[in-house]
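Let us read a protein chain together, one feature at a time.

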Amino acid sequence: MDGITALKKIRESDDKTYILMLTAKAEVDDRVTGLDSGADDYITKPFSLKELLARLCSKERREDDYTPNLLTVGDVTFNVEQQNLASHNSIQLSGPETQLMNYFFAK
């Protein structure tokens with residue numbers, strides 16, 4: 001499947017993962033199609049490593065925009081804002097524990 005089809009399938013499943021398209025398709029219409037299909041950013045080949053790193057750093061500064069507050073895997077629910085992990089019972093997490101759980105749930 002091509003990248004646009006894969007991108008649309010990802011977005012149809014309500015996945016809010018940050019997506020940066022890295023492609024040889026450099027025409028304006030290609031870029032617009034990629035962004036309209038759900039890409040968060042679009043870089044064409046050949047690309048500058050400095051530009052790619054700058055774009056990733058920009059994304060990192062806005063990480064909260066892409067992190068949902070309530071994450072669920074199976075019967076486990078993780079409320080990031082309240083730092084609460086629940087299944088059949090619940091526990092409060094410290095700041096570092098919350099960051100670690102957020103990382104695990106995102107993977």
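Q: Of the 107 residues of the protein chain, what percentage count as buried?

A: A residue is called buried when its relative accessible area is under 20%, exposed when it is over 50%, and partly exposed in between, using a 1.4 Å probe and protein chains only. By this rule, 22% of the 107 residues of the protein chain count as buried. The model is a predicted one, in which local features need pLDDT of at least 70 and side-chain atom pairs count only at pLDDT 80 or more, while totals for chains, interfaces and linings use all residues. Residues are numbered from 1 along each chain as its sequence is written, and side-chain values use heavy atoms, with hydrogens and water left out.

Q: How many helices and strands does the protein chain have?

A: Helices (H or I, at least four residues) and strands (E, at least two) are DSSP runs, numbered from the N terminus. The protein chain has four helices and six strands, and along the sequence they follow the pattern α-β-α-β-α-β-β-β-β-α. With a radius of gyration of 17 Å, well over the 13 Å that the globule rule gives for 107 residues, the protein chain is more spread out than a compact globule. Here the radius is taken over C-alpha atoms, and the rule is 2.2 Å times the number of residues to the power 0.38. The C-alpha trace spans about 55 × 30 × 15 Å along its principal axes.

Q: Is Asp41 buried or exposed?

A: Asp41, which is found in strand β2 (residues 41-44), is buried, with a relative accessible area of 13%. Contact means heavy atoms within 4.5 Å, and, not counting residues up to four places away in sequence, Asp41 touches Tyr18, Ile19, Leu20, Met21, Leu35 and Arg55. Asp41 and Leu20 are 21 residues apart in sequence, yet their C-alpha atoms are 4.6 Å apart in space.

Q: Is Arg61 buried or exposed?

A: Arg61, in helix α3 (residues 49-61), is exposed, with a relative accessible area of 61%. Its C-alpha atom is separated by 20 Å from that of Gly38, 23 residues apart along the chain.

Q: In which sense do strand β3 and strand β4 pair?

A: Two strands pair if DSSP finds at least two bridges between them. Strand β3 (residues 70-73) and strand β4 (residues 76-79) pair in the antiparallel sense over four bridges, and Thr72 stands opposite Thr77 in β4. This hairpin has two residues between the strands, and Gly74 takes a positive phi near 60° there.
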